[in-house]
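This report looks at packing and side-chain contacts in one protein chain. Please keep the sequence and the coordinates open while reading.

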Amino acid sequence: MPAFVTLATCTLNQWALDFTGNLARIQQSIRLAKDAGAQYRLGPELEVPGYGCNDHFLEDDTVQHSWEVLAALLSDPTNHGIVCDIGMPVAFRGILYNCRVICRDGQILLIRPKRFMANDGNYREMRWFTAWTETKTIHAFDLPDIISSINGQTSVSFGDGIVSFAGIKFGTELCEELFTPNSPHIQMSLDGVDVFTNGSASHHQFQKLNYRVNLIAGATEKCGGVYLYANQKGCDGERVYYDGCPLIVVNGQVVAQGAQFSLSEVEVITATVDLQDVRAYRAGLVSRALQASTMDMHYPVVSVGTTLVSKTLPKGRTLAKGRPVKFHTPDEEIRLGPACWLWDYLRRTKSGGYFLPLSGGIDSCASALIVYSMCELVHARLVAAEPDALVLSDLETIVGEKIDVATVTPQSICGMLLHTCYMGSVNSSQETRSRAQLLSERIGSYHSNINIDLGVDAMLSIFRLATGKSPMFRVHGGSDRENLALQNVQARLRMVLAYLFAQLMLWTRDRRASLLVLGSANIDETLRGYLTKYDCSSADINPIGGISKVDLNKCVRHMCESVPHLDILATFLDAPPTAELEPITASHTQTDEVDMGMTYRELSVFGTLRKIYKMGPVSMFSRLLVDWSGILSPTEIAAKVKKMFFFYSINRHKTTVLPPAYHMSSYSADDNRFDLRPFLYNAGWTWQFGRIDQALKEHEQQS
């Protein structure tokens, strides 16, 4: 017999501690779900206070304000007539839990605490929350007066239970619980749960969506059932971007999918499904029936007499069918993810735009292209069939003037929001100056072209006056120490000038506010330490700081080939990377890879083995003996591994002062919370390097 039900899930661009804005976005999602005829609305994890509150979760204010928001939702009759599954922190018996609060018509039905905490990578949930360990057990929870005074409830079930309406059962699987080997959906499916709900806060990382989809599709393909997946969206105040993409999956088939990268603050997707399809699917899984019949402990059930299902298809709805999943390529992810993150950061700081030192090299080029991609996204929302009023309002607030949507283009938006500057010196080439100028013209940035030699000379004059000494570059007979100091003074002056221009450029244009300074140091340079401390790697934020040069090059090539007016990017791709901090002579032109003693491709390999495969010097040498066999000799491999770890260790201190960078990859060296390492090492690595020497000797003897 047919059993139709319409279900809704969503993504919300919540912001840590923005209870006013978070409430408005939750209410908007409930309204949109109701307008679509949905019977159940699922929201993201901790959507009430915002997932990124971090140590603010330890403050009683955060918990209290969350109850106040829930009270506002329960007391508003426009939120009635639909089951609302809401994420917020709840303290039970003095212990703080990450919870789902399931309610309908002003009544709380169940509070379900999270069973398995996300506590790796960027996640630190066990710092604030305790995992619920009483499997398939519920207790009575005394509701606070602010709730009791509204709905008359004094207590509610709290724990690992399921909610049953007439003809349909719902069970919760909360974010990390999907990723664990013994996920709750397995036991819930055996206990007859029809719909699994997962309110998540999963941040973007290369190809992570593919992993999520595979897990969800695999769960329902193996167990049968409907899976609702909600996710947070946007930058809520940290280095990560929550990439949305809500999903509804039935028996292994994706039937509804939302956007992964979007500037919209609220997105709701719905699907009308027939639960008979779930029951028929499960009937064909004979082994599942045997396992279900032998369960020794069942979930406690909160029963609600209301029915959510219908024997007839709801008017105006069609039965959801399987559809292809939209996945972005890694190149598209680099182009879109940081762009969305930059937009949130810009509008929420209420700054006037971005300032970027544009060197004519591939890294600052990539940062500029990401800002241009942001402008493309803004433009798309302004000229859509239903223009985004909030995006327009935010843009007008940023620039301090009215925008004529009829004439605006991505380039004109870029001219408002991105200020670029080529900071040349006597060591700069005409090629890099020309590339920077041409790129700014193609993307439309407001560009300046300056020379920093006067400032460099002034700083060196102070040193000469104080010491009576005149340092020289190596090509002029100076020592390595002099050579490095003369490079660093140029690099650091550029940082000082970047902040001067960022503060005053809008003043020169009679515009409000000031600019945020963008960095453009990639992860390989961070790992190797090939950057000057407090140079242009020092900025307010860095959109490419979690991305390798290899991946950046692929993204730039993608844009070169896919955007006709950006064909000039080929000149950036063909140019050898150079800092242009040393004099160019007939016999010497400075290049990054010669300076470093290793290629960017080799650095990418080192970074992957170090972080993802968790290898120290000896393990890395052993692996590369295999991977680089026939490419480099064992002696060369040993030398490169030692060089990498030497420079990594003497430069690790630089990561402690780098600006917040967009988290993009699992090979990130971010010192703030993702890659926690010492910043003072014994750079000799005597024991480890000794073991490499021994392994090398044994290898040579065997050969």
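With which side chain does the side chain of D243 make a polar contact? The partner is the side chain of R212, at 2.6 Å, where a polar contact is a pair of N or O atoms within 3.5 Å and, within protein, one atom must be able to donate a hydrogen and the other to accept it, residues adjacent in sequence counting only if both atoms are side-chain atoms.

## Basis of the values

This is a predicted model, in which local features need pLDDT of at least 70 and side-chain atom pairs count only at pLDDT 80 or more, while totals for chains, interfaces and linings use all residues. Residues are numbered from 1 along each chain as its sequence is written, and side-chain values use heavy atoms, with hydrogens and water left out.

D243 belongs to strand β12, residues 242-243; strands (E, at least two residues) and helices (H or I, at least four) are DSSP runs numbered from the N terminus. With a relative accessible area of 0%, D243 is buried, the classes being buried under 20%, exposed over 50% and partly exposed in between, for a 1.4 Å probe and protein chains only. Leaving aside residues up to four places away in sequence, D243 touches S202, H203, H204, R212, N231, Q232, A259, Q260 and F261, contact meaning heavy atoms within 4.5 Å.

R239 lies in the loop between β11 (226-234) and β12 and is partly exposed, at 21% relative accessible area. The side chain of R239 makes a polar contact with the side chain of N672 (3.3 Å), and its contacts beyond four places in sequence also include W341, P660 and Y662.

## Nonpolar cores

A nonpolar core is a set of buried Ala, Val, Leu, Ile, Met, Phe, Trp, Tyr and Cys residues joined through side-chain atoms within 4.5 Å. The largest has 65 residues, of which M374, L417, L439 and L569 touch the most other members. Helix α10 (residues 362-382) supplies the largest share of this core, 13 residues. A second, separate core of 50 residues includes I30, F57, L70 and F129.

Residues up to four places away in sequence aside, L569 touches C365, L369, L439, V556, M559 and C560.

## Cysteines

The structure holds zero disulfides, a disulfide being a pair of cysteine sulfur atoms within 2.5 Å. For C99 the nearest cysteine sulfur, that of C103, is 13 Å away, and C99 is buried at 0% relative accessible area. The sulfur of C560 is 9.5 Å from the closest cysteine sulfur, in C365, and is therefore too far for a bond; C560 also counts as buried, at 14% relative accessibility.

## Aromatic rings and charges

The model contains 28 aromatic pairs, counted for rings of Phe, Tyr and Trp (its six-membered ring) with centres within 6.5 Å, and classed as stacked for planes under 30 degrees apart, edge-to-face over 60 and tilted for the rest. Y97 and W132 form an edge-to-face pair, 5.5 Å centre to centre with 70 degrees between the planes. This pair links distant parts of the chain, 35 residues apart, with Y97 in strand β4 (residues 95-104) and W132 in the loop between β5 (107-113) and β6 (138-142).

A charge sits over a ring if NZ of Lys or CZ of Arg is within 6 Å of the ring centre and within 35 degrees of the ring normal. The charged end of R435 sits over the ring of F572, 5.7 Å from its centre, and K611 lies over the face of F674, at 4.6 Å from the ring centre.
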